[in-house]
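Please examine the structure below together with its sequence.

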Amino acid sequence: MAFMFNFSAETADDKKEGVSDSNCPSVQVADIKCDKTGNHHLTPASEVCVHKQSEIDKSITVSSHKVGSTILKYLDPSDVEEQIRSREDKDGAIIKAISAHSDLVAHVYEGGLKIWECSLDLIHYLQEVDIDFTNKKVLELGCGAGLPGIFALKHGAENVTLQDYNEEVLEEMTVPNVLLNSPDDKGDINGRCRFIAGDWSMLESFLKDHDITSKYDIILTSETIYSIESQPVLHDVLKALLSPAGTVYVAAKTHYFGVGGGTRMFEDLVKERGDFTINVCKEYKDGVQREILKMKLVQQPDNR
């Protein structure tokens, strides 16, 4: 049996830009195959590469979002969904979510085709405090459309790894968005960007096995702590992949009604584990309450 939480509250202006400000994603807890121990099968990590002949479908509307003097372009999510819906292949994870009228299908599709409100909060915060990305190694976890990672790329990051649960999301949304924002740089995209699909728990070993950057100076993530179940996994991957002097920025709602996660619960988890310092560096009180959290690894004393 499957059931759904539907808490959708898009405004007319948000719909024009394809931005979702839902307090909670529309979540379908689907029937997922489990192994003999009762654990969900994890999606293995894989890499999506950009080919020089890659082209963006010109029938899809291109939208944009301005942050300071920076213009970020992205494919209109509704058009991308419609294009996927029109195909003959109906077996992909995204088409299953679209057919179920769900933003999320747990352990299948994690909402990567939406422009989530907190991802825009994060970009504006990075602009506001003038984060220096020059020559930095950057990771965006749960990237979806990839706008925070693209912002870092356009502001001098040495390389950016964009990770999403779904390979389809990377192919249909993330890669095209990177190309839209790097029209004259296609040949160098694979040198400056890596696109990794799969479960977070598989990410560290995949990066090591494929000689991809194993530690990052800056890790960005937005709308990824709505699920109580996933918060410990996110904590562990942040701990594994952040460089000793690095910084994590988490953008999320204070509470996700219906699914239980939010910034307070994640903050409590981080403090309980004791591996990071964590503080609220920005609050948004218009509409649904949202925050930007800043995390740094606790420096261990040198006992030599």
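A residue is called buried if its relative accessible area is under 20%, exposed if over 50%, and partly exposed in between, as judged with a 1.4 Å probe and protein chains only. By this definition, 52% of the 304 residues in the protein are buried. The model is a predicted one, in which local features need pLDDT of at least 70 and side-chain atom pairs count only at pLDDT 80 or more, whereas totals for chains, interfaces and linings use all residues. Residues are numbered from 1 along each chain as its sequence is written, and side-chain values use heavy atoms, with hydrogens and water left out.

The protein contains 10 helices and 15 strands; these are DSSP runs numbered from the N terminus, helices being H or I with at least four residues and strands E with at least two. A contact means heavy atoms within 4.5 Å. Among contacts between residues at least 6 apart in sequence, 69% join residues at least 24 apart.

In soluble globular proteins, nonpolar side chains tend to be buried together. A nonpolar core is a set of buried Ala, Val, Leu, Ile, Met, Phe, Trp, Tyr and Cys residues joined through side-chain atoms within 4.5 Å. The largest such core here has 49 residues, of which L126, F133, L147, F195 and Y249 touch the most other members. Helix α6 (residues 167-180) gives the most to this core, with 7 residues. Leaving aside residues up to four places away in sequence, F195 touches several others, including V48, L162, L170 and I189. Another core, of 31 residues, lies apart from the largest one, and L203, F206, V237 and V270 are among its members.

Which aromatic rings form pairs? Rings of Phe, Tyr and Trp (its six-membered ring) pair if their centres lie within 6.5 Å; planes under 30 degrees apart count as stacked, over 60 as edge-to-face and the rest as tilted. The count comes to 3 aromatic pairs. In one of them, the rings of Y125 and Y249 have centres 6.0 Å apart and planes at 55°, so this pair is tilted. Because Y125 lies in helix α4 (residues 117-128) and Y249 in strand β13 (residues 242-253), the pair ties together parts that are 124 residues apart in sequence. Y125 counts as buried at 7% relative accessibility, and Y249 counts as buried at 5%. The rings of Y226 and Y256 have centres 6.2 Å apart and planes at 65°, so that pair is edge-to-face. Both Y226 and Y256 are buried.
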